[in-house]
Amino acid sequence: MTQTIHNIFTFDSRNLQEIIIPNTIDLVVTSPPYPMIRMWDELFFSMNSIIKDMILEKPQEAFELMNQELDKVWTALYSSIKDGGFLIINIGDATRTIKGDFQLYSNHSRIIYKCVELGFKNLPNILWRKQTNAPNKFMGSGMFPSGAYVTLEHEYILIFRKGTKQVYNETKKQNRRESSYFWEERNIWFSDIWEDVKGTKQLLTNQEARDRSAAYPFELVYRLINMYSCKGDTILDPFFGTGTTTLAAIASERNSIGIELEQSFKKSFLKNISFTNIQKLNEYICNRLYKHNDFVKCRIESGKEVKYYNQKLKTPVITRQEIDIIFNLLDSIKIIKEKIIINYMDHIGLLPYN
Ligand SMILES: C[S@@+](CC[C@H](N)C(=O)[O-])C[C@H]1O[C@@H](n2cnc3c(N)ncnc32)[C@H](O)[C@@H]1O
């Protein structure tokens with residue numbers, strides 16, 4: 001039976017080097033407060049009071065100072081992440097009119113610049129398309145040229161690696177095979193535009209907390225964890241919020257550490273994580289297999305060959321790389337001294353393809 005451990009710290013991530021041992025983190029998946037987005041103004045003002053004085057008079061400098069606060073976190077993460085580990089940041093740019101002047105504040109390019117300067121290598125990023133149907137989405141002079149503005153309907157998922165590619169020894173190789181994803185998942189997950197990830201149904205349903213923390217969708221972080229880490233790895237989120245990263249780490253059999261400034265989020269997460277959530281996560285994992293089985297059925301019905309077979313999941317698979325994939329469902333949850341301990345059942349070969 002496998003086990004994962006999940007820690008949440010109420011702490012300021014700008015000082016995370018005080019609580020995270022260097023070179024111990026396999027993957028960071030996170031979404032910071034977005035500079036120049038109004039909902040985060042007060043937070044940035046509290047980090048550096050000069051920003052409040054700047055924002056109306058010198059907005060470009062305020063933007064820079066807000067990013068300098070985030071830089072402290074990116075810097076600390078560089079030493080926390082193992083060689084070959086990844087830093088993945090979900091970030092949106094901001095548009096804002098200040099004293100009648102409309103402008104784009106490009107958070108994603110500012111963050112790429114800093115992380116590359118720190119020594120991270122930037123890999124191809126993902127554009128997460130978040131289409132809006134709001135009737136007032138077009139801003140500016142309407143049908144008159146040339147004072148209308150393109151609507152921002154996307155965010156970025158920035159992908160960085162520290163150092164060079166990981167080397168897998170024999171034990172790690174088997175774990176890597178068991179942590180693989182299906183061929184058809186690869187085809188969607190590794191495309192550079194994600195249009196199918198919607199910020200809709202979440203597994204923990206405290207909507208008020210989700211709005212307050214601008215939570216990202218479970219599916220988004222679940223994919224990233226499965227794309228860039230293996231079972232048993234340690235995932236860190238320095239901007240924990242409602243804990244979506246921790247939930248996705250739990251569902252993916254990874255350990256996690258969450259760091260959050262606001263005390264209430266940790267309390268609420270520990271209060272809400274329960275057997276009901278475990279069942280929801282298990283449904284989510286099973287659905288992944290059901291979707292695969294549907295995919296295989298369609299493929300076979302359309303006369304295409306499916307050459308390989310995964311004995312554990314009892315399902316045909318397209319490539320040899322998928323024959324060892326296993327999913328272990330969650331069995332129990334314990335909270336001991338505020339640490340969340342998850343035990344898993346053995347693999348779900350109980351749900352055969354037919
Ligand atoms: C965009 S939200 C993250 C939402 C999260 N991904 C989720 O799904 O709920 C940013 C979070 O970072 C927290 N935060 C901001 N500055 C922080 C800091 N310096 N240290 C730790 N947490 C911080 C905020 O309180 C907020 O909950």
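Two residues are in contact if their C-beta atoms, placed from the backbone, lie within 7 Å. Helices (H or I, at least four residues) and strands (E, at least two) are DSSP runs, numbered from the N terminus.

Before you start, note that residues are numbered from 1 along each chain as its sequence is written. This is a predicted model, in which local features need pLDDT of at least 70, side-chain atom pairs count only at pLDDT 80 or more, and totals for chains, interfaces and linings use all residues.

**Exercise 1: Helix 4**

Work out which parts of the structure the buried residues of helix 4 pack against.

*Solution.* 
- Step 1: Find the helix. Helix 4 covers residues 107–118. At 1.5 Å times one less than the number of residues, its 12 residues should span 16 Å, and the end C-alpha atoms are 17 Å apart, which agrees.
- Step 2: Pick out the buried residues. A residue is buried if 20 or more other C-beta atoms lie within 10 Å of its own, exposed if 12 or fewer, and partly exposed in between, with C-beta atoms placed from the backbone. In helix 4, Asn107, His108, Arg110, Ile111 and Cys115 are buried.
- Step 3: Look down the axis. The buried residues fall within an arc of 160°, so they line one face of the helix; the arc is that of the directions from the helix axis to the C-beta atoms. Val116 and Glu117, on the other side of helix 4, are exposed.
- Step 4: Name the partners. The buried residues pack against helix 3 (59–80), strand 3, strand 4, strand 5, strand 6 (121–129) and strand 9 (154–161).
- Step 5: See what follows. After helix 4 comes Gly119, with a positive phi near 120°.

**Exercise 2: The surroundings of Ile88**

Decide whether Ile88 is buried or exposed, and list its contacts beyond four places in sequence.

*Solution.* 
- Step 1: Locate Ile88 in strand 3, residues 81–91.
- Step 2: Count neighbours. Ile88 has 26 other C-beta atoms within 10 Å, so it is buried.
- Step 3: List the contacts. Leaving aside neighbours within four places in sequence, Ile88 touches Val28, Val29, Ile157, Leu158, Ile159, Leu224 and Tyr228.
- Step 4: Compare chain and space. Ile88 and Leu224 are 136 residues apart along the chain, while their C-alpha atoms are separated by 8.1 Å.

**Exercise 3: The whole chain**

Describe the protein chain by its secondary structure, burial and extent.

*Solution.* 
- Step 1: The chain has 11 helices and 16 strands.
- Step 2: Of its 354 residues, 35% are buried.
- Step 3: The C-alpha atoms fill a box of roughly 65 × 55 × 40 Å, taken along the principal axes.
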